[in-house]
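I opened the model to look up two things. The ligand site came up, then a hairpin.

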Amino acid sequence: MIPASFDYVRATSLTHAIGLLQDDPDGNKLVAGGHTLIPTLKLRLASPALLIDISGIDELKGIEVADRIRIGALTTHAELLASKPLREVLPIFHQAADMIADPQVRNRGTIGGSLANADPAADWPAVVVALKGELEIAGPTGRRHVAAKDFFVGIMTTALGPDEVLVAIHIPYPNPGVQFRYRKIRHPASGYAVVGVAVALRLQDGVVSDATISITGATGRAYAADSASAHLNGKPLSSQNIASAALLASEQAECLSDGYASADYRKHLVKTEIIRALTSLADA
Ligand SMILES: Cc1cc2nc3c(=O)[nH]c(=O)nc-3n(C[C@H](O)[C@H](O)[C@H](O)COP(=O)(O)OP(=O)(O)OC[C@H]3O[C@@H](n4cnc5c(N)ncnc54)[C@H](O)[C@@H]3O)c2cc1C
């Protein structure tokens, strides 16, 4: 459990960090909260030549709640849990942060590190996909924005290039009346999502609009269950419509299987977690 030796630099700016990545994109690695990377180094699953500590870069910090919502990549899970302005507008951040790991991990781990790492069982990917977020990325040729639904490519793989830094997450301000729910079945050891479900929808006179349902933990990457969302839009949030939407999502999920949960069990959880999330909104 001792990492291979590496050099360490504390980046002073975004430009500095990108320059250091460009020196050796395959050998140099960013570190934010270190709560995924450091265990990986200890297990020697990665042996970067240089660790570039980005934790002092101000541009990557902070939560802004205005016409749009901007969350800096370095924002910790604990800061997301504690932010009152964010909770008022997008309570799903509070709901999800409250379910991540334990206080030690929440105090150090960052949303940017979680999204860039793209663990299939991480919580934030489902939330940013459900909220139709955009990820701001900086690299040697400038800035670009990638829709969250296109960011997660596969297991631990994203649209980020090896010399790019995730700067911030941008979320559109929700329409009046939109409600949110995040639910998951926690892995008993780590707290990661065996299956997690993020839902945003508007109920007007009992009829659903603007529904988005996204899923993490079940498959190799977080994704939007578009057919289930489309099934709900324009209909009452009845138990029958909820059950049909959940079944659609579960039938279409090509689930992972591991020592804790088989693919069939995960498929079942996709259905039950969607039913529970939607029923809690119908009852609210
Ligand atoms: C015991 C334990 C339990 C956990 N439980 C959960 C859980 O229940 N749910 C959950 O979602 N997560 C969980 N995690 C993961 C935790 O949330 C991590 O903190 C998170 O996944 C990574 O964030 P970090 O800031 O620590 O990233 P780091 O470990 O510093 O980095 C992770 C990866 O992302 C890259 N990276 C970091 N920041 C950026 C950036 N801005 N731009 C580009 N690349 C970047 C790094 O190079 C590295 O490859 C758990 C971790 C532990 C140790």
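I counted a polar contact as a pair of N or O atoms within 3.5 Å; within protein, one must be able to donate a hydrogen and the other to accept it, and residues adjacent in sequence count only if both atoms are side-chain atoms. The model is predicted, so to speak of local features I need pLDDT of at least 70, and side-chain atom pairs count only at pLDDT 80 or more, while totals for chains, interfaces and linings use all residues. Numbering runs from 1 along each chain as its sequence is written, and side-chain values use heavy atoms, with hydrogens and water left out.

I found a backbone N or O atom of G33 2.8 Å from a ligand oxygen atom. A polar side-chain atom of H77 lies 2.7 Å from an oxygen atom of the ligand. For D123, a polar side-chain atom sits 2.7 Å from a ligand nitrogen atom. The protein buries 90% of the 980 Å² that the ligand exposes taken alone (Shrake-Rupley method, 1.4 Å probe).

Shell. I listed 30 residues around the ligand (a heavy atom within 4 Å). L30, L37, H77, T110 and D123 come nearest.

I traced β11 (residues 178-186) against β12 (residues 193-204): antiparallel, over nine bridges (pairing needs at least two DSSP bridges). V178 has R202 as its bridge partner in β12. Six residues lie between the strands, and G191 takes a positive phi near 90°.

Notes. Helices (H or I, at least four residues) and strands (E, at least two) are DSSP runs, numbered from the N terminus.
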